[in-house]
Amino acid sequence: MGILDHFSELCDSGPSHDSKKLKRKQLQTVEIRVKIDCEGCERKVRRSVEGMKGVTQVEVNPKQHKLTVIGYVDPNKVLHRVRHRTGKKADLWPYVPYDVVDHPYAPGSYDKKAPPGYVRNVMYDPHASALARATSFEVKTTTAFSDENPNACSVM
């Protein structure tokens, strides 16, 4: 809070609106997985969110069954609207690039249905995240023989 804000509050003789400050929504990218079979489904999914308040851009990728909405929107409202307007099962995008996960082929993170180059995001799942994370022993042993570690053992 700056000094000008402080003085403007002192000089303000009108009613105080501190309790009713408006929250501005952040620009967000919402990714949703929804089954898209044909061009009609693609059009139906696109039109379901194009009319929402705050939406600036809509992209539909039918090969990955992915809907991307960019704008000043709430992700849960977008998800609810897609489910309601299309009648299709829709979920938030559950995949991340496989470079992000420590062990992309762990039992919890590998998914056959994932698009190429993606694995399931298991960092927020308490049961599967233990399998996908590296233990401290694994980290120590892999970095002991790493080329990036200057104190690494050089066994030839």
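Trainee: How much space lies in the largest pocket?

Mentor: This is a predicted model, in which local features need pLDDT of at least 70 and side-chain atom pairs pLDDT 80 or more, while totals for chains, interfaces and linings use all residues. Residues are numbered from 1 along each chain, and side-chain values use heavy atoms, without hydrogens and water. A pocket is an open set of points on a 1 Å grid over the protein atoms alone, where a 1.4 Å probe fits, with protein on both sides within 12 Å along at least five of seven lines; lining residues have an atom within 4 Å of a point. Here the largest pocket holds about 240 Å³, the volume being the space filled by probe spheres set on the points. Its lining has 14 residues, with Arg33, Lys35, His65, Tyr95 and Lys113 closest to the centre.

Trainee: How many salt bridges does a search of the whole structure find?

Mentor: A salt bridge is a side-chain nitrogen of Lys or Arg within 4 Å of a carboxyl oxygen of Asp or Glu. The search finds three. One of them joins Lys66 and Glu31 at 3.3 Å, N to O. Lys66 lies in strand 3 and Glu31 in strand 1 (strands being DSSP E runs of at least two residues), so the pair ties together parts 35 residues apart in sequence.

Trainee: Is Lys66 buried or exposed?

Mentor: Buried means under 20% relative accessible area, exposed over 50%, and partly exposed in between, with a 1.4 Å probe and protein chains only. Lys66 is buried at 9%, whereas Glu31 is partly exposed at 31%.

Methods. Helices (H or I, at least four residues) and strands (E, at least two) are DSSP runs, numbered from the N terminus.
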